[in-house]
Each structure stands twice: as structure tokens, then as C-alpha cells.
Amino acid sequence: MAASTLQRSRAFKEAERLFLLSSHEQIISTMETQVSNGPTGNSLPNGPVVSTNGSTDDSKTNLIVNYLPQNMTQEEFKSLFGSIGEIESCKLVRDKITGTVPAATTGISAGQSLGYGFVNYVDPNDADKAINTLNGLKLQTKTIKVSYARPSSASIRDANLYVSGLPKTMSQKEMEQLFSQYGRIITSRILVDQVTGISRGVGFIRFDKRNEAEEAIKGLNGQKPLGAAEPITVKFANNPSQKTGQALLTQLYQTAARRYTGPLHHQTQRFRLDNILNMSYGTKSSPSLLPRFSPITIDSMTSLAGVNLTGPSGAGWCIFVYNLSPEADESVLWQLFGPFGAVTNVKVIRDFTTNKCKGFGFVTMTNYDEAAMAIASLNGYRLGDRVLQVSFKTSKQHKA
DNA sequence: TCCAATT
């Protein structure tokens, strides 16, 4: 007991050192919950795997760690899990694409972490200890998951499903019940609105085997769950390692942008964002993109009188940008809106199969005045051979 | 041509 307490203390200190966690108390309370509830979230087999070829059986020592913070490095990963016991090997899984953006630009090294990794301990007792100690640990915004890794094999690859159209009332457990008839579920998740916590009707199911996932698609895609009004869509999920360079760039920009929000003053933040862009392009914003005042300002102002603005959510003011070209990317939105003030987020909406812009995007700005000025200036702005339509985002497609 | 679901 005393030894285990000591063990935890050591691991938490390491976590604190690495990630400057807000309070020790928070970690302890998290872990107490974890310990009393036992391992959560999946039905991974913990038993030994029969080895047919006499090779080393690492089913008791090899762990998979999920939901790691994006910016955690291999060294930090090793350091955290090494605080439990001697490691035979460990690997933070990273994207294959390298060098897309200089690390100095974003502060993020190339070969973006995919958010998971493997740790193989020398002693099975340490693997067990790592699960008990670190599973459920909160690091930054993530809650890591530590569990035994399944033996690597081709049959467990591409077994992840994306589910949409779920009834908002359906719980994760109910979703698992629906899918469990097709095989062993490794993980499941329902996405929720960050503010309200209400289900977004979208989720993921990872099966143990790919063929189980295929059967689930055949059996459930287009079907209405019992008592549901609408059919659900079930398809294979996008594989993050197959992300395009463009999507990775976007992720880098957004991650970098988030780093500058919060403690910094708006004014400072604006220049930092501009700096990111300027550095990555090696130049100031191109003259053709510099905002100018447009005669079409009245229309955007009248929309302010409308009732169905999305309004200032916790994040800021959301702006709808229409008539972007299929080749438009996030950087153009940063360049267009950044000069008007604090921009916290931009997104170009793309078709999932072609990855081309669907003609519109969104920009979130912190301050109303700056957002209104950006709209007044950029609505009607000619970008290439297109005239942009810019307004506060509304909740519906049709305005009154 | 007009308002985002992909951990």
C-alpha cells in the first residue's frame, strides 16, 4: 500500500513536471475515482495470448496509450511511463508526413503525433501498475487511456466506424448495445457539444476485427434504431494517418493559434497570429489580400437586426463566409480576417471525398466590434474572380 | 450556387 502510494506520487510528479498541471489535488481526485471504479471504457481481453511460434509473449507487458495530448513528445511519453518501471521499448506514433512546416513557425515539430503510443515494460507487474496508476490521468485537455495492447495483426486494422444520425437521446451504452451484436467493441464514443454537453448525434465504434465492422455496416447502415425517427449512417471512419498535407497544415495552424489564445492580450494575440502566417509564407500578406472597405456594407449590417444570429457563444462571434473557391484554404481566411482583430478559429468546409472547399467557411472572432468591421469590409470583397458574401453566421439556411 | 458533425 505504501509502495503503491509512493508509485503514484512519483508518476504524478512526472506528469506535473511535464505538463504543468494546475493542481496536484485534481490529479489525486481523478485517480481515486479511477481506482475505485477500476479500468474503464472497454472490453479488452487481459488474458494471455497463446504463442504459436515460440516468440516472446508480450500480452502482459505491452500497453497501448490513447488520447495523449497533441504536443506530447516521445521523450515526455517515455519519461512519464518510465516513472512506473523499466521500459523494454516504447513508441509514440506519429504521422509519416515530415517537414511540412518549419517547427520554428508553429512551435510544433514535424511528424505530428497521432495521439497514441505503445509502452512495453520489462516486468508485467509494472504494466499492471501503469494501468492502475495512469489510466484516466488528465493531461491538459485530454484524459489518457492506458490498456493492454492487442497483438498486432492485419485483421484488427481499419475496424473503426463513424456513425451519424444517432438519436440525441441515445447514450454510449445504448449505442454499444446496438453494435455489440456484430462483434467485440474495443472503444466507442459519442461526440457532444462542448458547451451544452448534449449529444451531437455522431459517434465512433471500433471493433476488434475489421470483418465485424463490415458486418455492422451491412446490418445497421440506413437502419432506424428501435424507436428512432431517423435512420443512422454507418461507415468506415476516416483514418487520421491518411490526412492530406493540407489537412495537417490546417491542424497545425489551429493548434498554433490556440497556443496564443488565453493569457495573451488581444492586441498581442493578433500580431502573433499574423506572425505565424507571415513566417510560414516568408512574406507579409500579399497586397491583393489586404482588406479594403467595400460599398456593400448595408446588407451585412441589416443582418444584425435579424433574430437568428448565432451570437457570441463562449468562443466569440462566428462569421459565415460564402463563395470561396474550391481551392480555398484556411490561410486565406486568416489573411482576410486577421488584420481586423482577434481571430480565434477559421475553418474551410470541404467535401470529404474530394477534399475541395464546398464554397464556404467560418471564422470566429473574439470581439464584436472587430467582427462587425471585418464583415462590413469584406462582404462584397472581390477575391480572384469571386465576390465574397460575409455575414454573421445564422442558425438556419434561410433567413426571415 | 448560401450556414460546419470525423474522437
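Here is a short walk through some paired strands and salt bridges in this structure. It's a predicted model, where local features need pLDDT of at least 70, side-chain atom pairs count only at pLDDT 80 or more, and totals for chains, interfaces and linings use all residues. Residues are numbered from 1 along each chain as its sequence is written, and side-chain values use heavy atoms, leaving out hydrogens and water.

Let's start with strand S9 (residues 199-207), which runs antiparallel to strand S7 (residues 160-164) and is joined to S7 by five bridges. Strands here are DSSP runs of E, at least two residues, and helices are runs of H or I, at least four, numbered from the N terminus; two strands pair if DSSP finds at least two bridges between them. Serine 164 has valine 202 in S9 as its bridge partner. S9 also pairs with strand S8 (residues 185-192), again antiparallel, over six bridges. In the S8 and S9 hairpin, six residues sit between the strands, and glycine 197 takes a positive phi near 80°.

Now for the charges. Seven salt bridges turn up, each being a side-chain nitrogen of Lys or Arg within 4 Å of a carboxyl oxygen of Asp or Glu. One of them links lysine 129 to aspartate 126, with the closest N and O atoms 3.4 Å apart. Both residues lie in helix H5 (residues 124-134), three residues apart, about one turn of the helix. Aspartate 126 is buried, at 10% relative accessible area, while lysine 129 is partly exposed at 30%; buried means under 20%, exposed over 50%, and partly exposed in between (1.4 Å probe, protein chains only).

Conventions: Chains are lettered from A and ligands numbered from 1 in the order in which they are written.
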